Amino acid sequence: MRAGTSALAAGRRHSVGCRWDGTVLATGNDAAGECRVVRWEDVVAVAAGNVHTAANTGRSHTVGLRSDGTVLATGWNGDGQCDVAPWRDVTAVAAGWRFTLGLLANGTVLAAGRTSEGQCGVRSWREMVALSCGDWHSVGVRADGSALAAGINRRGQCEVGDWRGLTAVAAGYLHTVALRGDGRVHAAGDRTTGACDVGEWEDVAALAAGSYHTVAVTASGRVFAAGDNSRGQCDVGDWRDVVAVAAGSTHTLGLRADGTVVSTGNNASCQCDVGSWSGIQVPTARDRTADGLAIPL
């Protein structure tokens with residue numbers, strides 16, 4: 001698996017997993033074709049376009065990174081968020097509601113999709129090692145451990161300029177969280193939902209941001225969650241032996257060390273029907289940077 005990649009992704013109403021043999025599994029709502037991944041091969045990472053749950057936010061897309069650095073996409077393409085076929089030399093991918101980001105081997109960033117809110121204003125970014133997409137903002141980690149952000153900042157979700165010592169980042173709807181090298185977590189943005197209540201967390205190895213909740217896995221395989229729990233998306237206290245996590249709008253996924261997946265939260269579209277999944281790629285010690293979704297240190 002490439003550094004900075006994720007084998008597990010959760011969207012608004014679907015979930016995606018990348019297996020060790022390069023095939024991809026998906027479950028959930030497929031109205032826009034976001035689950036049509038059965039023919040994908042040689043995939044090493046996946047991303048799911050996430051968006052907060054609302055009456056006008058149903059459609060989504062899925063992105064897959066292949067081992068040769070090319071990118072696949074399926075699903076809703078109303079803003080060109082799936083127009084990634086020409087991309088080459090990509091090492092990590094991230095997906096927001098109507099846009100997609102790709103991290104190149106030289107540390108620069110490609111973007112496709114909606115630009116109206118400034119979330120694709122990443123062309124000037126350099127020396128990047130990790131990326132994440134929120135609904136309307138993009139966040140990245142630079143090689144020196146600092147952070148950059150672009151897009152809507154109405155709740156302060158892009159106020160990350162003073163963060164240092166970072167290894168990973170995750171963007172939600174109105175908040176941003178980042179993992180420090182010492183296992184502690186920074187948070188910025190809307191604090192009314194509790195998704196930013198992560199200041200006491202320690203020994204964190206990876207983290208993910210849903211619309212209104214934050215999830216983290218520790219080096220010992222325990223899982224923390226904070227924020228909105230109206231659909232049970234934060235009911236992760238009993239999970240054990242977890243090595244990676246992914247957060248959708250109102251559901252949460254956990255990858256176990258044996259390649260199986262656990263889930264909790266909203267299952268109205270069968271996005272939590274992952275109990276039969278096996279062989280999902282498990283992160284190795286070489287996967288030391290993340291796009292903020294699922295790769296532990």
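Throughout these legends, a residue is called buried when its relative accessible area is under 20%, exposed when over 50% and partly exposed in between, with a 1.4 Å probe and protein chains only. The model is predicted, so local features need pLDDT of at least 70 and side-chain atom pairs count only at pLDDT 80 or more, whereas totals for chains, interfaces and linings use all residues. Residues are numbered from 1 along each chain as its sequence is written, and side-chain values use heavy atoms, with hydrogens and water left out.

**View A. The tilted pair of Trp 76 and Trp 97**. Rings of Phe, Tyr and Trp (its six-membered ring) pair if their centres lie within 6.5 Å, planes under 30 degrees apart counting as stacked, over 60 as edge-to-face and the rest as tilted. In the tilted pair of Trp 76 and Trp 97, the centres are 6.0 Å apart and the planes stand at 50 degrees. Both Trp 76 and Trp 97 are buried.

**View B. The edge-to-face pair of Trp 97 and Trp 136**. The ring centres of Trp 97 and Trp 136 lie 5.1 Å apart with 65 degrees between the planes, which means that the pair is edge-to-face. Trp 97 and Trp 136 are both buried, and ring pairs join Trp 76, Trp 97 and Trp 136 into a cluster.

**View C. Arg 98 over the face of Trp 97**. A charge sits over a ring if NZ of Lys or CZ of Arg is within 6 Å of the ring centre and within 35 degrees of the ring normal. Arg 98 lies over the face of Trp 97, at 4.5 Å from the ring centre.
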